[in-house]
Amino acid sequence: MLPLPDFEWLAPTTLADLVRALGEHPTDTLLLAGGTDLLPNLKHGLHAPKRVIGLRRVRELSLIEESADGGLTLGSGVTLDTLANDARILARYPALARAASLVASPQLRRMGTLGGNLCLDTRCAYINQTAFWRGALGGCLKRDGDVCHVVPQGKRCVAAFSADTPAPLITYDATVELVSVRGARTLPVAKLFGGDGVKNHVREADEVLTRVTLPAPARGLRSAYEKLRARQAIDFPLLSIAAALTVGDDEVVTDIRLVVGALGALPRVVRKLEAHVGKPVSPELFDELARAAHTQCHPLSSLGAEAWRQDVVAPMVKRTLAALRASTRE
Ligand SMILES: Cc1cc2nc3c(=O)[nH]c(=O)nc-3n(C[C@H](O)[C@H](O)[C@H](O)COP(=O)(O)OP(=O)(O)OC[C@H]3O[C@@H](n4cnc5c(N)ncnc54)[C@H](O)[C@@H]3O)c2cc1C
Ligand code: SF4
């Protein structure tokens, strides 16, 4: 069994105490929510924090609040299991519920949280290994080295961000709140991520992600999420597609969102889809959207099989569009 490194453990019960404790030594401190990703990474020697702060006892982080117009604010400590099964989320944001339901396994979904999923570390076949395994190869840009084993000439880590919930959250225009001793700031989920696998978040070390706010679903919103993985259980995505179309009573599309995940260090928003707005929902439209995604999406090699993964972008987009489900008020 791999041991955990030594660290100081704090388990505050209020957000104010949490933020204060994090602000004391931010660069030597890590936050632990469900621990389903951080604990394996600590055991693999990927981090050596002086202090770890547990979030589970902070009640403010587990709340779900409804706005008067039908939007929802989800605490970052809400579990993936709740996201997958809450009647309000299933009815209003079915793609988010589905994405959460496809993460890992039932046990991991009961421990894993929304905040941990959004702040998940990037993954790569050369880094998510024991320190002993990595030592045989030598370090890399992400840890203990100055070379990338995936792109040996590269100057940037191309490890993939493989979390399931960010893509549907982006299609729903969700925002996140980050809180530190310096104050609070809110930003769109799409702006939370950057393109470098070493640090693919704009979150500063002294900030905690406190909540995610979803606007009320627009009338006529239809959304879906599909995931490609090696096995149909307990596997990170090799590719993931979130789609959201707003459709009028005449079946004409008034808004289109497509986000593709697990290509590289950040979810990819498919651009220039305005030309397809105003067309009726049809197999031809789905073909056009699938072609647009295929042209713009180029999987990086950190997860392997990049040529095949690009080949399946178009069929995966069509599969996702075929699964679109209307948002309803339960
Ligand atoms: C076998 C296995 C399979 C998995 N399969 C999938 C999968 O298919 N899809 C998927 O998306 N994930 C998968 N995971 C990863 C993980 O279970 C989930 O991503 C989960 O949502 C992580 O949440 P957590 O609360 O456990 O995060 P933690 O492990 O507690 O934290 C993860 C990271 O987020 C940071 N963090 C946590 N909460 C906050 C916060 N509020 N503010 C700031 N930073 C924070 C931590 O410091 C850490 O860096 C898998 C894990 C395992 C072990
Ligand atoms: S992509 Fe390269 S630098 Fe990044 S973790 Fe993998 S081997 Fe290391």
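Let's start with Ile234, which sits in the loop between strand E9 (221–228) and strand E10 (239–247). Helices here (H or I, at least four residues) and strands (E, at least two) are DSSP runs, numbered from the N terminus. Phi of Ile234 is near 45°, a positive value in a residue other than glycine. Glu251 has a positive phi too, of about 70°, and is not a glycine either. You'll find Glu251 in the loop between E10 and strand E11 (253–261).

A quick word on what you're looking at. This is a predicted model, where local features need pLDDT of at least 70 and side-chain atom pairs count only at pLDDT 80 or more, while totals for chains, interfaces and linings use all residues. Residues are numbered from 1 along each chain as its sequence is written, chains are lettered from A and ligands numbered from 1 in the order in which they are written, and side-chain values use heavy atoms, with hydrogens and water left out.

On to the domains. The assignment, which comes from an automatic or database source, gives domain 1 (59–119 + 160–214) and domain 2 (221–326). Their C-alpha centres lie 20 Å apart. The contact (heavy atoms within 4.5 Å) takes 27 residues from domain 1 and 25 residues from domain 2.

How much area do the two domains bury between them? About 2100 Å², with 62% of it on carbon and sulfur atoms. Buried area is the accessible area (1.4 Å probe) that two parts lose on being put together, summed over both.

Between domain 1 and domain 2 there are three salt bridges, meaning a side-chain nitrogen of Lys or Arg within 4 Å of a carboxyl oxygen of Asp or Glu. Please find Arg257 and Asp173 on your screens: their side chains meet in a salt bridge at 2.7 Å, N to O.

Which elements give two or more residues to the side of domain 1 that touches domain 2? They are helix H4 (87–92), helix H5 (94–101) and helix H9 (166–171). H9 gives the most, with five residues.

Across the whole structure, a search finds 22 salt bridges. Glu66 and Arg92 form a salt bridge, with their closest N and O atoms 2.9 Å apart. Glu66 lies in strand E4 (residues 64–66) and Arg92 in helix H4, so this pair ties together parts that are 26 residues apart in sequence.

Last stop, ligand 1. Of the 31 residues around ligand 1, Leu31, Thr36, Leu38, Thr113 and Asp164 come nearest; a residue counts as near if one of its heavy atoms lies within 4 Å. Thr113 places a polar side-chain atom 2.7 Å from an oxygen atom of ligand 1.

Notes: A polar contact is a pair of N or O atoms within 3.5 Å; within protein, one must be able to donate a hydrogen and the other to accept it, and residues adjacent in sequence count only if both atoms are side-chain atoms.
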